[in-house]
Amino acid sequence: MKLIDRCSRPGFYSMAANEWLGFRLDVLSSLTFALTLVFLVSIPQGVIDPAIAGLAVTYGLNLNARQAFVIWLFGSLESDIIAFERMLQYTSIRSEAPLVIDTHRPDPNWPSRGEVVIHNLQVRYAQHLPLILRGVTCTFSGGMKIGIVGRTGSGKSTLIQTLIRIVEATAGQILIDDIDISMIGLRDLRSRLSIIPQDPTMFEGTMRSNLDPLEEYTDEQIWEALDKCQLLRLGSGNVV
């Protein structure tokens with residue numbers, strides 16, 4: 001029932017907003033019609049032809065429906081234009097690299113050392129934007145804890161995104177255990193690397209589904225990981 005409620009909630013909000021808009025339009029139309037009647041009654045006799053006045057009153061009775069239709073028409077036109085704009089935007093987005101490249105697949109135990117070599121790395125988010133990383137060259141030895149320090153916008157997050165190829169390098173190369181990451185598939189690369197985001201997000205479901213969404217580990221391994229992180233008491237009874 002909760003899933004049904006969440007599925008129906010956007011439609012309910014949309015209907016409520018439409019009803020509230022319709023009520024406000026009815027009030028506005030009624031006030032306009034009332035002011036028109038007061039104006040027609042208060043003017044001196046003979047200024048306006050009674051037939052014209054009666055015709056104006058007749059058309060005024062349908063003012064609320066016509067006004068609501070015009071507003072709905074403009075709203076639908078704006079939504080259709082935005083939808084077409086999004087279609088053009090999505091068609092211009094470049095597709096990601098293949099998930100698997102059969103001719104360039106790393107060994108099952110890759111990476112074994114964890115050595116990262118970056119040579120003349122240049123990265124930009126779009127062709128018309130300036131470079132974020134300009135000729136970065138460094139080596140991270142395997143098994144070491146490295147800290148990257150810099151001000152906001154200096155390219156720290158960009159470097160991490162380039163390691164997992166969320167952002168493709170404009171020039172240069174990155175080698176992990178002597179393998180160029182641009183030559184292998186995205187699935188082979190991203191399945192071998194782990195990233196802890198700065199702002200973690202808990203998805204709906206059990207703790208086990210958050211820790212192991214692909215169901216690759218046993219319960220004993222998950223309990224062991226919780227114990228090492230000192231979260232065993234927090235996860236007690238909530239893993240399954």
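How many helices and strands does the chain have, and how do helix H1 and helix H2 pack?

Modeller: Please keep in mind throughout that this is a predicted model. The chain has eight helices and four strands, and when it is read along the sequence these follow the pattern α-α-α-β-β-α-β-β-α-α-α-α.

Turning to the part you asked about, helix H1 covers residues 2-42 and helix H2 covers residues 50-60, and the two pack with their axes 10 Å apart, at an angle of about 170°. Because angles over 145 degrees count as roughly antiparallel, H1 is roughly antiparallel to H2. On the H1 side the contact is made by Phe33, Leu37 and Leu40, while H2 contributes Ala53, Val57 and Gly60. Sorted by class, the contact of H1 with H2 has five nonpolar residues and one polar residue, with no charged residues.

The C-alpha trace of the chain spans about 100 × 50 × 40 Å along its principal axes, and its radius of gyration is 32 Å, whereas a compact globule of 240 residues would have one near 18 Å. An unreviewed UniProt entry places the feature "domain: ABC transporter" at residues 133-231, and over residues 133-231 the chain is 28% helix and 16% strand, with the end C-alpha atoms 38 Å apart.

Key. Residues numbered from 1 in each chain as written. Predicted model: local features only at pLDDT ≥ 70, side-chain atom pairs only at ≥ 80, totals over all residues. Heavy atoms only, no water. UniProt positions renumbered as here; feature names shortened; annotations may be inferred. Axes fitted to C-alpha atoms, helices over the stretch in contact; angles between N-to-C directions. Parallel < 35°, antiparallel > 145°, perpendicular 65-115°, else oblique. Contact = heavy atoms within 4.5 Å. Nonpolar A, V, L, I, M, F, W, Y, C, P; charged D, E, K, R; others polar. Rg over C-alpha atoms; globule rule 2.2 N^0.38 Å.
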